[in-house]
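I opened this model to look up its metal sites, its symmetry and its ring contacts. My entries follow in the order I made them.

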Number of protein chains: 2
Amino acid sequence: KVDCRSSNKTIILPGLIDVHVHLREPGATHKEDWESGTASALAGGFTIVGAMPNTNPPIMNAETFELCSKLAAAKAHCDYGIYVGATFTNTQTAASLANESMAMKMYLEETFAPLPLKDDINAWRDHVMNWPGTTPICVHADGRNLAAVMMLGWMYNKHIHVCHVSHKEEIDLIRDAKLRGMKISCEVSPHHLVLTTEDIPRIGEGQSEVRPRLGTPEDRQALWDNIDYIDMIATDHAPHTYEEKCSAKPPPGFPGLETSLPLMLNAVHQGRLTLQQLKEKMHDNPIKLFSLPEQPDTYIEVDMDEEYAIGKPEYSRCGWTPFEGVKVRGRVVRVVLRGKLAYLDGKVLAPAGYGKNVRDMLPLKPVAAQVA
Amino acid sequence: KVDCRSSNKTIILPGLIDVHVHLREPGATHKEDWESGTASALAGGFTIVGAMPNTNPPIMNAETFELCSKLAAAKAHCDYGIYVGATFTNTQTAASLANESMAMKMYLEETFAPLPLKDDINAWRDHVMNWPGTTPICVHADGRNLAAVMMLGWMYNKHIHVCHVSHKEEIDLIRDAKLRGMKISCEVSPHHLVLTTEDIPRIGEGQSEVRPRLGTPEDRQALWDNIDYIDMIATDHAPHTYEEKCSAKPPPGFPGLETSLPLMLNAVHQGRLTLQQLKEKMHDNPIKLFSLPEQPDTYIEVDMDEEYAIGKPEYSRCGWTPFEGVKVRGRVVRVVLRGKLAYLDGKVLAPAGYGKNVRDMLPLKPVAAQVA
Ligand SMILES: [Zn+2]
Ligand SMILES: [Zn+2]
Ligand SMILES: [Zn+2]
Ligand SMILES: [Zn+2]
Ligand SMILES: [Zn+2]
Ligand SMILES: [Zn+2]
Ligand SMILES: [Zn+2]
Ligand SMILES: [Zn+2]
C-alpha cells in the first residue's frame with residue numbers, strides 16, 4: 001500500500017482513479033478512442049478510469065457491453081471499468097450486468113447522450129428497485145430531478161452517486177441529505193471548481209458549452225464551501241474536437257484527464273485543498289464507494305513545484321482544452337502501474353492492451369454498509 | 001363524541017370534513033362563493049371544509065388572507081379553514097401564516113392556479129424548510145415532482161400531504177415511502193375512485209377536463225388496491241359553470257361536495273369500502289392529520305338505503321356534475337352543527353355567517369408525532 005510521502009520537491013501518490021470519463025469508442029473515435037483516452041489518463045496520473053456508456057451504440061445490454069469490453073481489452077493502456085446505461089426498456093437487463101460493470105449511469109437530463117430517461121418516474125423507479133446494492137447508481141440530474149432520484153434511493157435503500165455536482169442548489173441538497181443520514185455520494189469536476197460563467201469570454205461561447213453548465217462565482221464558492229461533503233473529484237473527460245466546439249451547434253463537454261491533477265495540485269498550493277483531501281477524493285473514496293481493487297505496486301510520482309502554463313493535450317485526440325494558458329504548479333513525472341513503468345516524463349510506456357478490467361481483478365462486495 | 005350506530009335504515013356519522021375545496025371567492029363568484037359553496041358542503045354532509053388559495057387574488061400574504069377571512073366569516077354556513085398558497089417570493093410570509101391557516105398549499109404542476117412554483121427547487125426547499133411543523137404541506141404534484149418534494153419533506157422532517165392522488169405511479173411512491181417509515185399522508189378524490197378515461201365519452205371531452213386527469217382503469221384499480229394507504233377522501237370540489245366546461249378552453253375541475261358521500265356510501269354498499277373506513281377517511285384522519293377541532297354536538301344522519309340517480313347540484317352555483325344520472329344508494333338527511341340543525345331534507349338551515357374558522361376554535365398543536 002502506497003501512502004503520500006515527500007522527498008525534496010517530489011511526492012508519491014497512489015495511482016489516481018477517475019470514475020467519470022467519456023472515451024467515445026465505439027462510435028466517435030475521431031474525438032477519442034480507448035487508446036488515446038487511456039494514454040491521456042496515464043499522462044494525467046490516473047491508473048483506473050470508469051468509461052461512461054453514452055457511446056454509439058450506447059452500452060445498455062449484454063451485446064454492447066461485450067463489444068465495448070473487447071475494444072477496451074485490446075486497446076487500454078490503463079485499468080478501467082465500463083458503465084452500463086439505463087434506458088426506458090432495460091430495467092432488467094441493466095441490473096443483470098451489475099457485477100461486470102463499473103456501475104449504472106442514469107441520464108435524467110437532456111445532454112450529449114443517446115440514453116435519456118426524461119421524466120418517466122416509473123422507469124427511474126424500476127431501475128433503482130432492480131439495481132443490486134454492489135455498486136452505486138450514478139445520476140446526471142439537476143435540481144428537482146436530483147431530489148426525485150434521491151427519494152427513490154432512500155426509499156429502496158440504494159446508493160445514489162451524484163455525478164459532476166456543479167451548482168449551489170445541488171450541493172445544498174446533497175449536504176443536507178448527508179446531514180440527515182442518507183446514503184449518498186457525489187463527485188465534482190475540476191472545471192466546476194475552477195471555471196465560472198465569467199470565464200466564458202476567454203474560452204469562447206461554443207467552447208464553453210458543458211453539461212451541467214458552468215456555474216456562477218456563487219455556485220463555485222458553494223462547492224468549495226462544501227468540499228468536505230464532496231466525496232470525489234472526477235474529470236467528466238468529455239472530448240470533442242476543437243472544430244466541433246467552434247461549430248454552429250457546439251457539443252457540450254471538456255477534456256479533463258491531463259489537466260485534473262495539475263489543477264488540483266494548484267489548489268493545494270493555493271491552500272484550498274490539502275494533499276490528504278486530494279488523495280481521498282482522487283483515490284481512497286473512489287476505491288471505497290465503487291468497490292474497486294487496490295492495484296498492487298502502483299503509484300505516481302509528482303513534481304510539486306514545477307510551474308508552467310497548461311498547453312494543448314499531449315494524448316487526448318480532441319486537441320484542445322479550456323484551460324490552455326492557465327498557470328499551474330505541479331506535474332506528473334512517473335506512473336507505475338502493477339509493477340510496470342507506465343509513464344515517464346511525457347511518454348506513455350505501457351502498451352495498448354496492458355490495461356485490465358477492474359471487475360476481473362476483484363470480485364464485487366456490497367458497498368451498502370461502507371457509504372458514509 | 002358521536003360514533004357510527006345504526007337505527008333501522010338510518011345511521012349517524014360525525015360531521016364530515018373535506019380538506020380540499022375551491023370556493024372561488026374572491027374573484028370568480030359566478031362559479032361559486034362562500035355562501036353557495038358552504039351550503040353545498042352541508043348538503044353533502046360536511047361540517048368543515050378547507051378552502052384552497054388559488055382565488056383571485058390568490059391567498060398568499062396577510063392582506064389577502066385577511067380579505068378572505070372576512071368574506072368567510074360573513075358568509076360561511078359551515079365551519080372552515082383557509083389555506084395559504086406558496087409562491088416564488090413568499091417563503092417567509094407563508095410560514096408566518098401557519099397558525100391561522102388550514103395548511104400550506106404548493107402547486108408544483110401547471111393547473112388552474114395563479115400560484116405556480118414550476119421547477120424552482122430552491123423555492124420548494126425554502127418553503128419546506130420554513131414551514132412550521134404544526135400542519136401539513138399540501139402538494140399538487142405528479143410523478144417526479146412528487147418524488148422531489150417528498151425528498152424535501154423527509155430531509156427537513158416536515159409532513160407532506162399529497163393532494164388528490166390519482167395514478168398508479170403516485171400511489172406506488174406514497175405506499176413505498178410509508179412502508180419505509182416516512183411521515184407522509186395523502187387524499188383521494190371520489191372522481192378518481194369512480195371515473196376513468198372510459199367515462200370521457202359519456203361526460204364529454206371538455207367536461208372531463210380535471211387535474212390530475214382521469215386515470216386509466218388500471219390507475220383506478222391501483223387506488224382501490226392501496227386504499228389502506230390513503231388517509232383521506234377529499235372532494236377537490238372545483239366548480240366551473242357548465243357553459244365554461246363546454247367552451248373552447250374548458251377549465252379543469254369538477255364539483256364534488258354534494259356527490260362525495262353518496263358515491264362513497266355506494267362504494268360501501270358495493271363492498272369496496274367499509275363504513276369504518278369511510279368514517280376514518282372523511283372524519284378521523286382529517287382531524288388528526290390537520291390538527292382540527294372536534295366540533296361539539298355535531299353529527300349527520302344518513303339514510304343508507306334510498307336509491308336514486310344523481311341530479312344537478314342543489315346548492316353549488318356551477319349547476320352541473322359529471323355524475324349526473326349515476327345511480328347511488330344512500331343520502332344525507334340531517335346535519336347538526338354545534339348543536340344547531342343546519343340541514344334537513346334538502347334545506348340548508350344554518351344561516352350565512354354561522355360557520356367558524358377552525359383555527360379560532362382550537363389552538364394548534366404540532367402534528368409531527370401523530371403522523372403514521
Ligand atoms: Zn453528465
Ligand atoms: Zn443545477
Ligand atoms: Zn459525463
Ligand atoms: Zn490505494
Ligand atoms: Zn390540485
Ligand atoms: Zn400521475
Ligand atoms: Zn384542488
Ligand atoms: Zn369526531
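**Zinc, chain A.** I started at the zinc ion (ligand 2) of this predicted model. Donors here are N, O and S atoms within 2.8 Å of the metal (3.2 Å for Na, K and Ca); water is not among the atoms, so sites may look incomplete. I then checked burial, where buried means under 20% relative accessible area, exposed over 50% and partly exposed in between (1.4 Å probe, protein chains only). A:H167 counts as buried at 16%. A:E170 is buried too, at 2%.

**Conventions.** I noted that residues are numbered from 1 along each chain as its sequence is written, and that chains are lettered from A and ligands numbered from 1 in the order in which they are written. Local features need pLDDT of at least 70, side-chain atom pairs count only at pLDDT 80 or more, totals for chains, interfaces and linings use all residues, and side-chain values use heavy atoms, with hydrogens and water left out.

**Zinc, chain B.** Which residues coordinate the zinc ion (ligand 5)? I found B:H140 (ND1) and B:H164 (NE2), at 2.0 to 2.1 Å. This pair links distant parts of the chain, 24 residues apart. B:H140 is in strand 8 (residues 137-140) of chain B, and B:H164 is in the loop between strand 9 (160-162) and helix 6 (168-179). Helices (H or I, at least four residues) and strands (E, at least two) are DSSP runs, numbered from the N terminus. B:H140 is buried at 3% relative accessibility. B:H164 is buried, also with 3%. I also logged the zinc ion (ligand 7), 3.5 Å from the zinc ion (ligand 5).

**Symmetry.** A turn of 180 degrees and a shift of 0.0 Å along the axis give an RMSD of 0.0 Å. The two copies are thus related as by a two-fold rotation axis. In chain B, the C-alpha of B:A148 is nearest the axis, 1.9 Å from it. Of the contact residues of chain B, 100% recur in chain A, with contact meaning heavy atoms within 4.5 Å.

**Rings.** I counted 7 aromatic pairs over all chains. Rings of Phe, Tyr and Trp (its six-membered ring) pair if their centres lie within 6.5 Å; planes under 30 degrees apart count as stacked, over 60 as edge-to-face and the rest as tilted. A:W154 and B:W154 are a tilted pair, 5.2 Å centre to centre with 35 degrees between the planes. The pair crosses between chains, from helix 5 (residues 143-155) of chain A to helix 5 (residues 143-155) of chain B. A:W154 is buried at 10%, and B:W154 is buried at 10%. The rings of A:Y242 and A:W320 are also tilted, with centres 5.9 Å apart and planes at 50 degrees. A:Y242 is in helix 10 (residues 242-245) and A:W320 in the loop between strand 12 (299-309) and strand 13 (327-337), so the pair ties together parts 78 residues apart in sequence. A:Y242 is partly exposed at 41%, whereas A:W320 is buried at 4%. A:Y242, A:F254 and A:W320 form one aromatic cluster.

**Confidence.** The model scores ipTM 0.91 and pTM 0.93.

Technical notes: Copies are superposed by least squares on the C-alpha atoms of residues with pLDDT of at least 70 in both.
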